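Visitor: Hi, I'm new to this one. Can you show me the model and walk me through some of its helices?

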Amino acid sequence: SKLWSMPYIGQYMKYSYELHLSEEDRIKLYSDKYQEILENKRVELELRAEKLQTEKKELEKLKIEMAEKEKELKIQKNRMQEKEKEIDTIKDRLNNRKDNIIKFAAVYSKMNEKAAAKAIEKIDSNIAAGILEEMEEKKIAKILEVLSEINVGKVKEITEIMTKRGSR
């Protein structure tokens, strides 16, 4: 009873018990012990197999999620490349527009003030402001003076645009 559970005494009692058994009973006892050990191992292996199956399912789910994330990432990458192309196109347009404004500023600078003022009156105020910003201050003053005689509102618009941009 309690003696069986004590470390050394219990082992000795089990040993002496087993010595007094018949050969057939001893074989049955060992067979039962091995059967119990095998059953415990089988249960342990089944639990491991279940755990592996669960982990395998989780791994498959993660693989699917990862594949979806990769697809999303590719889509985002393509969108980003498209946006970069759009940005490059806009930059090119702005550079071309700036180049054109500089060219027209040179052309308008060579014109007399009346002709330049008449031409500026007919174009968009933002473009006119850009052209004037590229000119010398004396030339701007002369053109705006003539333009004020033709269209004071246009002078006001151009001045406001140039002021908001932080230009002269």
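Predicted model: local features only at pLDDT ≥ 70, side-chain atom pairs only at ≥ 80, totals over all residues.

Visitor: OK, so how far does H7 reach from its first C-alpha to its last?

Guide: Helix H7 covers residues 152-165, which is 14 residues, and reaches 20 Å, close to the 20 Å expected.

Visitor: Which residues of H7 are buried?

Guide: Lys 154, Val 155, Ile 158, Ile 161 and Met 162. Looking down the axis of H7, those buried residues fall within an arc of 130°, so they line one face of the helix.

Visitor: And what's exposed on the other side of H7?

Guide: There you'll find Val 152, Lys 156, Thr 163 and Lys 164 exposed.

Visitor: What do the buried residues of H7 pack against?

Guide: They pack against H4, H5 and H6.

Visitor: Tell me about H5, then. How many of its residues are buried?

Guide: In H5, 7 of the 9 residues are buried, so this helix is largely enclosed by the rest of the structure. Among the buried ones are Ser 125, Gly 130 and Glu 133. The buried residues of H5 pack against H3, H4, H6 and H7.

Visitor: Switching topic: at what angle do the axes of H4 and H6 cross?

Guide: Roughly 65°, and the axes come within 8 Å. The crossing of H4 past H6 is right-handed.

Visitor: Which residues meet there?

Guide: From H4, they include Ala 116, Ala 117 and Ile 120, and from H6, Ile 143, Val 146 and Leu 147. By class, the contact of H4 with H6 has 7 nonpolar, no polar and 6 charged residues.

Terms used. Residues numbered from 1 in each chain as written. Heavy atoms only, no water. Axes fitted to C-alpha atoms, helices over the stretch in contact; angles between N-to-C directions. Helix = DSSP H or I, 4+ residues; strand = E, 2+ residues; numbered from the N terminus. Left-handed = near helix turned anticlockwise from the far one by under 90°. Contact = heavy atoms within 4.5 Å. Nonpolar A, V, L, I, M, F, W, Y, C, P; charged D, E, K, R; others polar. Expected span 1.5 Å × (residues − 1). Buried < 20%, exposed > 50% of the residue type's maximum accessible area, 1.4 Å probe, protein only. Arc of directions from axis to C-beta.
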